[in-house]
Amino acid sequence: MTKPLTKTQLVAEMAEKLDTDKKSAAAALNALSAIVLEQVAAGGAVTIPDVGKISCRDRPERMVRNPATGEQLKKPADRQVKVTVAKRLKDSVNG
């Protein structure tokens, strides 16, 4: 298994694919990150074509068990980020 791309490596790859400088590619990546953060935090969703969908869902209050003690605890309602992988990405990985 290979190591994941660092932000610097990703910016360099983007600059090469876009045929632009690294500063513009970094600005584009930062803008995409800001949009995703803003939309998902507001309860919305963002679909990145051929990659997947990032969304936020509400989870109700529920009972959970402490694995160390076996004690039942009430966990308050919260929100969870969900990532759904696009079919094209799945297919590219599986051949």
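**Exercise 1.** State in which strand Val-83 is found, and decide whether Val-83 is buried or exposed.

*Solution.* Step 1: Val-83 is found in strand E5. Helices (H or I, at least four residues) and strands (E, at least two) are DSSP runs, numbered from the N terminus. The model is predicted: local features need pLDDT of at least 70, side-chain atom pairs count only at pLDDT 80 or more, and totals for chains, interfaces and linings use all residues. Residues are numbered from 1 along each chain as its sequence is written, and side-chain values use heavy atoms, with hydrogens and water left out.

Step 2: The relative accessible area of Val-83 is 56%, so Val-83 is exposed. The classes are buried (under 20% relative accessible area), exposed (over 50%) and partly exposed (in between), for a 1.4 Å probe and protein chains only.

**Exercise 2.** Find the nonpolar patch on the surface that contains Val-83, and say which element supplies its largest share.

*Solution.* Step 1: Besides Val-83, the patch holds Val-51, Val-81, Val-85, Leu-89 and Val-93. Patches are made of residues with over 30% relative accessible area and no salt bridge; like charges are joined within 9 Å, nonpolar side chains (Val, Leu, Ile, Met, Phe, Trp, Tyr) within 5 Å.

Step 2: Together these residues have about 500 Å² of accessible area. Such areas come from the Shrake-Rupley method with a 1.4 Å probe; for residues, only the protein chains shown count as cover.

Step 3: Strand E5 (78–85) and helix H3 (87–93) each supply at least two residues of the patch. The largest share, 3 residues, comes from E5.

**Exercise 3.** Work out the strand order of the open sheet that includes E5, and describe how its strands pair.

*Solution.* Step 1: Strand E1 (residues 45–48) and E2 run antiparallel and are joined by 4 bridges. Two strands pair if DSSP finds at least two bridges between them. Ile-48 has Gly-52 in E2 as its bridge partner.

Step 2: E1 and E2 form a hairpin with 3 residues between them. In the turn, Asp-50 has a positive phi of about 65°.

Step 3: E2 also pairs with E5, in the antiparallel sense, over 8 bridges. Here Arg-59 stands opposite Asp-78 in E5.

Step 4: The order of this open sheet of 3 strands is therefore E1-E2-E5, with antiparallel pairing. E1 and E5 are the edge strands, since each pairs on one side only. On average, neighbouring strands of the sheet are turned by 20° against each other, direction ignored. Axes are lines fitted to C-alpha atoms, for helices over the stretch in contact, and angles run from 0 to 180 degrees between N-to-C directions.

**Exercise 4.** Trace the salt bridges of Asp-78, and name the network to which Asp-78 belongs.

*Solution.* Step 1: Asp-78 forms a salt bridge with Arg-62, with the closest N and O atoms 3.7 Å apart. Asp-78 lies in strand E5 and Arg-62 in strand E3, so this pair ties together parts that are 16 residues apart in sequence. A salt bridge is a side-chain nitrogen of Lys or Arg within 4 Å of a carboxyl oxygen of Asp or Glu.

Step 2: Asp-78 forms a salt bridge with Lys-75 as well, where the closest N and O atoms are 4.0 Å apart.

Step 3: Asp-78 is partly exposed at 23% relative accessibility, Arg-62 is partly exposed at 25%, and Lys-75 is partly exposed at 31%.

Step 4: The network of salt bridges links Arg-59, Arg-62, Lys-75 and Asp-78.

**Exercise 5.** Describe the salt bridge between Glu-61 and Lys-74.

*Solution.* Step 1: The structure holds 7 salt bridges. In one of them the side chains of Glu-61 and Lys-74 meet, at 3.7 Å from N to O.

Step 2: Glu-61 is in the loop between strand E2 (52–59) and strand E3 (62–65), and Lys-74 is in strand E4 (residues 72–75). The two residues are 13 residues apart.

Step 3: Glu-61 counts as partly exposed at 48% relative accessibility, whereas Lys-74 counts as exposed at 56%.
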